[in-house]
Amino acid sequence: MPRLPMVLAFPRVVRHLRSVGASLPPLTQLSVGRPDPVLRPVLSAAWEGDHGPARELLADTRRRRAWERRDTCMGRLADVALTRSRWLEDWQAKDGDDPDAALVAAELEIRRAWEARTGAWAKHVSAGRFEEFFRLLARAAPLIDKAVELNPGDPVPWCVALHHARGTQAPRPVFDRLLLNVMDCDPDHYGCHSSALQYLCAKWYGSHEEMFDFAETAAARARPGRLLAALPVVAATEYLTEHPTRGPVPRQRVHAAVDGALSACAAFPPDDPAVIGIRNDLALALTRCGRWEEALRQFELIGTDVREFPWCYVDGENELRAFVDERENTRVQIAKTIPFFSRYRPAA
């Protein structure tokens, strides 16, 4: 159906906007990166200087080989340590051979490095910032080696190593060896493949084509019930933030990535927190593809759990604003298509 000029569509927008997305949470309830109920008290304890809950949680993920969960918890704890590190320093002082403490410490140095560099384009980063960036990355290297040595078979240190490789401008043979180590530990690990995808994207050391090839190959061999099957939608959001309408990648390839992610997410309960990150990518990709009803459904499933990625690609200063703008535009686009004297009926 051709789009109506906004002046003609405005009355139907006013009439139907309240019913479109009526179940969406109000703006005051939204937040970026809100931890899940299990992780929240652990992060609070670390913030207050107590490393005990963090030690117990990460040890449990290691015993259960819950690698995706381990990756998530490790990253959130490193975020806390970026502001308050005393709890981690105490933990390392009391048990210098704890593989979990070494893992968080390695990720912390990488996050410190990126904070020093800032997220600006390289041409806008001063020589002094780059010097500090590479100094901190050098400090992370032995910590990564230690985390690998202390817990062989754990893919999460290799995920940290992939973050490190991107920052240090590691050559392709080094990157390839890191991926082989990932495959030996957990060939379906989503976090490792997502990090590898960043290395291969056009803004770093690869291209759009190589990024999509990698994501599609990984998704095709993913075992049932693993998040890796949805990886191509991350490639899609990377691409669509640079080429929102037209570009070198065929549009049908982008739609295929979205369809694959929708199918992969269908294997999980609708409110499963493990797939919320994927749903954030899906929401953005679907809006860019003009698939408004499907996008609205993802916004409903996301609820209040807004993630930093991919919304920081849309607005680097305010991810929440980017999310809200896309969500509200989705509602408007749907309302514009509803005849004035009809009622809004969500798509099945």
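Predicted model: local features only at pLDDT ≥ 70, side-chain atom pairs only at ≥ 80, totals over all residues.
Let me start with the packing of helix α8 (residues 156-167) against α10 (190-200), whose axes come within 9 Å and cross at roughly 10°. Helices here are DSSP runs of H or I with at least four residues, numbered from the N terminus, and strands are E runs of at least two. The axes are lines fitted to C-alpha atoms, for helices over the stretch in contact, with angles running from 0 to 180 degrees between N-to-C directions. Two packed helices are described by the angle between their axes and the distance between the axes. By that angle, α8 and α10 are roughly parallel to each other; angles under 35 degrees count as roughly parallel, over 145 as roughly antiparallel, 65 to 115 as roughly perpendicular and the rest as oblique.

Residues are numbered from 1 along each chain as its sequence is written, and side-chain values use heavy atoms, with hydrogens and water left out.

Which residues make up the contact of α8 with α10? From α8 come Trp158, Cys159, Leu162, His163, Ala165 and Arg166, and they meet Gly191, Cys192, Ser195, Ala196, Gln198 and Tyr199 in α10. Contact means heavy atoms within 4.5 Å.

I turn now to salt bridges. A search of the whole structure finds 28 of them, each being a side-chain nitrogen of Lys or Arg within 4 Å of a carboxyl oxygen of Asp or Glu. In one of these, Asp186 pairs with Arg226, and the closest N and O atoms are 2.9 Å apart. Asp186 lies in the loop between α9 (172-185) and α10, and Arg226 in the loop between α11 (208-221) and α12 (232-242), so this pair ties together parts that are 40 residues apart in sequence. Is Asp186 buried or exposed? At 5% relative accessibility, Asp186 counts as buried; buried means under 20% relative accessible area, exposed over 50%, and partly exposed in between, with a 1.4 Å probe and protein chains only.

A second salt bridge joins Arg253 to Glu209, with the closest N and O atoms 3.0 Å apart. Arg253 belongs to helix α13 (residues 251-265) and Glu209 to helix α11, so the pair links parts that are 44 residues apart in sequence. Arg253 is buried at 15% relative accessibility, whereas Glu209 is partly exposed at 43%.

Glu328 and Arg327 also form a salt bridge, at 3.3 Å from N to O. Here Glu328 is partly exposed, with a relative accessible area of 24%, and Arg327 is buried at 3%. Beyond such pairs, salt bridges that share partners join Glu68, Asp186, Asp188, Arg223 and Arg226 into one network.

The cysteines come next. How many disulfides does a search of the whole structure find? The search finds zero, a disulfide being a pair of cysteine sulfur atoms within 2.5 Å. For Cys73, the nearest cysteine sulfur is that of Cys159, 13 Å away, and Cys73 is buried with a relative accessible area of 0%. For Cys201, the nearest cysteine sulfur is that of Cys312, at 12 Å; Cys201 is likewise buried, at 1% relative accessibility.

Leu57 is found in helix α3 (residues 52-64) and is buried, with a relative accessible area of 13%. Leaving aside neighbours within four places in sequence, Leu57 is in contact with Leu39, Val42 and Cys73.

I close with backbone geometry. Most residues other than glycine have a negative phi, and most peptide bonds are trans. The peptide bond from Phe309 to Pro310 is cis, with omega near 10°, and Pro310 lies in helix α16 (residues 308-314). Arg65, which is not a glycine, has a positive phi of about 55°; Arg65 sits in the loop between α3 and α4 (67-83) and is partly exposed at 49% relative accessible area. Gln169 also has a positive phi, near 60°, and is placed in the loop between α8 and α9.
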